[in-house]
Each structure stands twice: as structure tokens, then as C-alpha cells.
Amino acid sequence: MGIGLEVARKLAGFNANVTLACRNLEKGEVARADIVASTGNKNVAVAGLDTASFASVKAFASAWGDKPIDILVK
């Protein structure tokens, strides 16, 4: 996998709340399960986001609400 997955794993290892914003939810769930298994941190979520689709970005932002984002990794 890529750098984003490893950054997410490292952050989860520090007990951070991590959201994996993924185009493919099935692959996102596999990554989430892997991160939880390797770190023990159950505060890892998956959310659908396709940055090529304005509708998807709008839906993600609407669902996210006004919660702060401390770190964004692309």
C-alpha cells in the first residue's frame, strides 16, 4: 500500500482518531481492519470520498460537519 496507509497506521499507533477517506469503501474497510489489528486502536473509521466528484466532496463535508481536522494527508 501507500504512504497514506502508513501515515494512518502510525497516527493510529499514537492512539489518534483516524478517518480513512476512500473512493473504494471495500478497500478502505480492509485497510481499517489491518490498522486496527496492527495497532489495537479501534478509533479508525472509513468514509467515502471521491475527490474527482464535487457531489462526493460535498456529501463528505456535510457528513463531517464542523469537527476540526488536525492533519490531512493526501
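Which side chain does Glu 29 meet in a salt bridge? Select Glu 29 and Arg 32: their side chains form that bridge, at 3.1 Å from N to O. Here a salt bridge is a side-chain nitrogen of Lys or Arg within 4 Å of a carboxyl oxygen of Asp or Glu.

A word on the model before moving on. The model is predicted: local features need pLDDT of at least 70, side-chain atom pairs count only at pLDDT 80 or more, and totals for chains, interfaces and linings use all residues. Residues are numbered from 1 along each chain as its sequence is written, and side-chain values use heavy atoms, with hydrogens and water left out.

Stay on helix α2. Glu 29 and Arg 32 both sit in it, three residues apart, about one turn of the helix. Helices are DSSP runs (H or I, at least four residues), numbered from the N terminus. Glu 29 is partly exposed at 39% relative accessible area. Arg 32 is partly exposed too, at 25%. The cut-offs: buried is under 20%, exposed is over 50%, partly exposed is in between (1.4 Å probe, protein chains only).

Next, select Arg 9 and Asp 34. Their side chains form a salt bridge at 2.8 Å, N to O. This pair links distant parts of the chain, 25 residues apart: Arg 9 is in helix α1, Asp 34 in helix α2 (residues 25–39). Arg 9 is buried, at 18%. Asp 34 is partly exposed, at 36%.

Glu 6 is partly exposed, at 41%.

Last stop: the count is three salt bridges.

Notes:
Helix = DSSP H or I, 4+ residues; strand = E, 2+ residues; numbered from the N terminus.
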